[in-house]
Structures are given as C-alpha cells and as structure tokens.
Amino acid sequence: MLLALSIAMFALGLLGVIIRRNLLVMLMCMELMLNAVNLSLVTFAQQTGTAAGAVLVFLIFVVAAAEIAVAIPIVLLLVRQKRTLAADAYTDLKG
Amino acid sequence: MPHPLTLIVVLPLVGFVLNGLLGNRLGKPFVTAVGCGLPILSFLLAIKCFVDLSTGGVPLMETAYTWARIGGSTFEIAFYFDRLSAVMTLIVTGVGSVIHVYSTGYMHEDKSFARFFAYLNLFLFFMLSLVLGRSLLVLFVGWEGVGLASYLLIGFWFEDPVNARAGKKAFVTNRIGDAGFLLGMFLLYWAFGTLDMDKINAAFTGGPAPAISASLAGILLFIGASGKSAQIPLHVWLPDAMAGPTPVSALIHAATMVTAGVYLVARMSGLYLHAPEASAVVTVIGAATAFFAATIAVTQTDIKKVLAYSTVSQLGFMFVALGVGAYGVGIFHVYTHAFFKACLFLGAGSVIHALAGEQDIRKMGGLAKRIPITFWTFAIATAAIAGIPPLAGFFSKDEILWYAFASSAGGSPLLWAVMAATALMTAFYMFRLLWLVFLTPSRMEPEVEHHVHESPLSMTGVLMILAVLSAVGGFFALPHFLEGLLPLPKLPETVHHFEKPLLILSVVIAATGLAGAWYVFGAGLERSSGLARRFASMHRTLSNKYYVDEAYELFIGRPLVWISDWVFLRLGDRVLLDGSLNGMARLAQRAAGVLGRVQTGSLHRYVFFVLLGSLAALAWSFRHG
C-alpha cells in the first residue's frame, strides 16, 4: 500500500519535471521524487526490520536541503536576468 | 715509432676549427699563420712519411679509430700510405700549401678572409682522408666532404645568386655520380665482406675468381668517378664552378679534387684489370670527353671557362690512360697536370687581379710587358700543357698517346687519332689564350688599362714555383716509380718500331697547334671573327657548349618540374594528402553537427532522455537479473 503511494508520488514528480515549464514547479517535482524514494526506503526498512534504510533517509534529507539551498539562489539569479520562470527561456545556456 | 699519418689528415681540420671559430676575432695575421702553416706542416709530415716509405719499402698503415663493429665486420678509420697515395698526398699538400700562400695575396681585400681559409683547410682535410683512406668507406667520407667544401667555395660569394646556383649545380650533379659509387660499394661489400681496397684488389688479382661481375662494380664506381671528375655526361658542373674565387678553381677544380675520380680508378686497378668492359667504358667516355671539351674550349671567351674546359679535356686524357690499363701513366698526368693547371689558373687569377675583375679575353691583350712575371709563368705552363718538349706535359701526354696507340688492353690507331686531334686542339686553344691575353695589341678599356699592376710577391712567388715544377716535373719517371703497384699494360711485339715516329709526331702536333694559334690570333681578333662568320652554325654550337645544358633542361629539368608540379604537388600533396586530412576534418564537423542537435538546452528533453536511459537500464537488469 505504502509502496504503491511511493510509486505514484515518483511518477507524478517525474511527469511534472518532464512536462511543466515553470522552474520552481520543476524543483518541487524533484523534491516530490526524492520524498517518494524516502517513503519507499522507510517502508523497506520496516519490512526487513533493519535500521539502515531509515538512516539513509536522514542522509537524503541533509543532501536535499543542501541541494535546494544551491538550486533556489540559481533560479533566483536566472529570473533576475530574464524576468521569467519558464525553462524554455534558458535554452541558450547550452554549451 | 708510430707514423704520423693521422696527423697529416687532422692538421688541416684543426686549421678549419681555429679559423672558423676564432678567425674573425683574431685578425688576418692569425688566419694567415694558421691557414698556411698547418697545410705546410702537413706537407712536411708527408715528406717524412715518404722517406719512411722509401727506406722501409712496405706500405705504412695506421688505424685512427674504430668506427663501428657490426656483426663480424669492423669498420675502421684507417690510413694507408703506399706509393700511389704518397704521390697523391704530396700533390695535395704541396700544391695545396702554395695555393694557400697565393690566396693570402689574392683574397687580401675580401671581408670573409677567415671564412675562406677555414673552407680551404676543410677541403684539405677531406681531400687527405680521401687519398689516405684505406677502405672505400673512408674514401667515400672524404669524397662527400670535398664535394661539400667545393659547394661552399663555389658559392663563396653567395650574395650573387648566380654563384650560389653554380654551387648547387655542382653539388647536385655530383650526387648523381655518388649514387653509382654507393651502389658499387654495396656490391663489393656484399661480395667480399670488406671495404678495404687493398683486400679487394688482392681478392681480384689472386685466388679464385670472385663471384661478382667485376665489370658491373667497375662501371658503378666509374659513374661516381665521372661525377667527381666531370666526365660526359656529368661534366656540366665544372665550367660553372668557375664562379668561385680563382685560387679555389686552381686547387679544387683543376689540381686536386677533380682528379679524385682518376685516383679512385687507379686505386681499384686490381678490379679494373679484370673488368675489360668497364675499362672499355672508361676509355670511350674519357676519349669523348677529351675531344668534345677541347672543341668547346676553342670558342670560349672567358679566361677561366677556357681553362675549365681544358681541365675537363685533360681529365679525359687521364681516363683514357686508365682505360687502356696504363694506370701509372694516368697518375703521371694527374701529377704534371696539377702543376701546370694550377699555374695557369693562378696566372689567370693574377691577370684578373691586375684587371680588377675583368675575365673576358676579348677585352685583354698586350699584358706581356705590363705584368711580365705572370706572363712568363703563364707561357711556361701553356707550353707545358700543349706538350712542347721538354716541359712536364709533354712527357705525360706523350705516354698517354703512346699507350692509347699500343696498349694490348684496348689501344688502337683510331683511339690514338682521336687523342692526337685533341692534343692538337689543346695546343691551339692554349696558345690562343696566351696570344689574346698577353701578346696581341691591347683591347682593354682605357680606365682598366690605367690601373694594371703586377701582383704582390705572395702571388708571383707561387707562380714561379709552379712554373719551375711545370718545366721540370716531367723528368721524374712516375710510371716507373709506381710500376710495382700499378703494372703497365703489355705491348704487342709489332708496335715497337712505331715508338720513335709517334714521339716525333706528337712534337709536330704541339708545334702545329702553336703555329695555328699564332696564324689565327697573332694579330688580334680580325682573322678569327672572319672564320667565325664563315662557320657560323658550328661556331654557335661550340660557343653554346653543344647545348648540353639546354638539353638537360628540356629532357630532365622540365619533366621533373612537371612531375613535381602535377603529380607530387597537385595530385599527391593537394588532392591526396590535404584532401584526406581535410576530408576527415569535414567528416568530424558534419558528425558533430548531427550530434549537436541532441543538445537543445531544453531541460525537459534531457530529463526525458534520462528517463529513457533508466528504463533501458531497468529492462536490461531484469533480463539479465
């Protein structure tokens, strides 16, 4: 049951990243995917009766917090440049 | 006590290094002392070795250095001093030393004084390793080295592109001959496993017949010799080599280097004795060269060009002697020729010096009273080359004519007739030169005439030494001296009663040449220009040297340029090489263009690709799980 919820959350997140244009929404969808993974991890930890999965979740929280702390300022700076949140506007960043 | 052969060779090299590195800084007295002193020292050492050789009776040998050891064979830098190399060493160091002394006067005003002496010393070093080398390898190193020195000295005044081009021509023409020489060397090494010339000769003269064709090796070596000694068809470089300073022409292009080919053939006489076909080739090429070069010399108007063609012609004489098996006689002519031709060239240098650079004999005349020492020495040398008895040239040339007639190894009346005609022309063109330069009324430009002056003692002294040697040099019976080493050919019994009449005939020939020259040129140019008008087409052919240079240009030069341009440059370089490289670059560019389209900058598409990749990885792991 919980695993099905986790899969649904992950699929929603992935779909959101692929089809949404708004950078902030894309970031939120990525967080959704991360949390889907976290959910599956704790579920597995409970099923097998080990602590390793639960510990890994805390690590992911830390990494995710750091990632957002970097990603949000980048989005902020991009928006200052072009006054838009649409990801399509930034295709000229390709190498 | 070790013999100082190595020292003879190395002393001029020391001179080259000192003059080349320090000459410009330490000034002319230093350059003169080093440049002349070391060759003279070499000469004295050569005399000492010669005395040792005469008292000891066995060839002196000295190994200076072991160059390489490959498998079972050792390549050594070894020097070998027998009677033949003794004669050559004495000529090279002796004539070389006096020409060095002459050069101190001739080149006195030149700004590259030190460079000139450095090159001359370098030349002597290589020439001595050529004549003293025991193996063909050392000889070849010297052979290439004198080619290099010759190139450097012909183009000595390289500011003028004509001189630089003449140097290049000499070098390239020599390379063609050297290719033959190298092949001959390879063949001999393959057959005998050694390059020591005494061993190769011994292998041919004693023991079972070697498994290679002596004639093939002989002809290949002769190709090398004909390049160095300016024989047809490789004679074209020598007349152009006159672009160098006159002492260089005297030393390198008359007395020593150009006789290296003669020396090589004489040195390998053991091989040529067993190679009748190769000897026949040598005879024919020598006779043809002697004859044609003499006809060209008759019409040339540049004093040095006349002497250059005369040198080519005299070298032909030497090769005829070698071809009919009279090796000692060929070397005898090398020896007398070194004296009188060096004297003639240095005399010509003295004339050019006196006339401030004028070389056209049509603008000379009447110099006999103005520069008497030059005149008298030049006259003696002219008589010597023309074969007037009892001067040196008479003896050697008469011997060559005699063996051309009588030798059982290829002598014939026809050969004698060709060589006698050549001897007649030799006398004619040399006395023509003497009359036009010294005896006829002056045709000089007034301002040149005003400045005519006799050369300094350093030059006239040398001229006098060489004139004396040209006069008396023939009394030394060199062929007899060398007979143990270079046996003379057998003569058929029937010819002995021809010897006296032919001797008288050769004197008559020389006198006829003299009389002819006096008749045509005694009063100036009028009579000869009348003749030139009457035989206009012949005169044109001769003064254009039979159009040999033009023919080479047409049949070799142009096709080479065409092939280089179209096949190598346009097809090979531009189409194949550049084309394949540019093609690869263009391929990479196009491939990159196609792949670059994947990178759109659209994050959604990237994520989509990531999704596809993850799904593929998942599918793969399920299948192989």
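This is a predicted model: local features need pLDDT of at least 70, side-chain atom pairs count only at pLDDT 80 or more; totals for chains, interfaces and linings use all residues.
On the α9(B) side, the contact is made by B:Thr246, B:Pro247, B:Ser249, B:Ala250, B:Ala254 and B:Ala255. The residues contributed by α14(B) include B:Lys341, B:Phe345, B:Leu346, B:Gly349 and B:Ile352. Sorted by class, this contact holds 10 nonpolar residues, three polar and one charged.

A second pairing brings together α13(B), residues 303-323, and α17(B), with axes 11 Å apart and an angle of about 160°. These helices are therefore also roughly antiparallel to each other, but here the crossing is left-handed. From α13(B), B:Ile303, B:Val306, B:Ser310, B:Ser313, B:Phe317 and B:Val320 meet a set of α17(B) residues, among them B:Met419, B:Tyr429, B:Met430 and B:Leu433. Nine nonpolar and four polar residues make up this contact, with no charged ones.

Helix α17(B) itself deserves a brief look. It covers residues 413-439 and spans 37 Å from its first C-alpha to its last, close to the 39 Å expected for its 27 residues. Of these, 21 are buried, so α17(B) is largely enclosed by the rest of the structure.

Turning to the two chains, 11 residues of chain A are in contact with nine residues of chain B. The chain A side of this contact consists of six nonpolar, two polar and three charged residues.

Conventions:
Residues are numbered from 1 along each chain as its sequence is written. Chains are lettered from A and ligands numbered from 1 in the order in which they are written. Two residues are in contact if their C-beta atoms, placed from the backbone, lie within 7 Å. Helices (H or I, at least four residues) and strands (E, at least two) are DSSP runs, numbered from the N terminus. Ala, Val, Leu, Ile, Met, Phe, Trp, Tyr, Cys and Pro count as nonpolar, Asp, Glu, Lys and Arg as charged, and the others, Gly among them, as polar. The expected span of a helix is 1.5 Å times one less than its number of residues. A residue is buried if 20 or more other C-beta atoms lie within 10 Å of its own, exposed if 12 or fewer, and partly exposed in between; C-beta atoms are placed from the backbone. Axes are lines fitted to C-alpha atoms, for helices over the stretch in contact, and angles run from 0 to 180 degrees between N-to-C directions. Angles under 35 degrees count as roughly parallel, over 145 as roughly antiparallel, 65 to 115 as roughly perpendicular and the rest as oblique. A crossing is left-handed if the near helix is turned anticlockwise from the far one by less than a right angle, and right-handed if clockwise.
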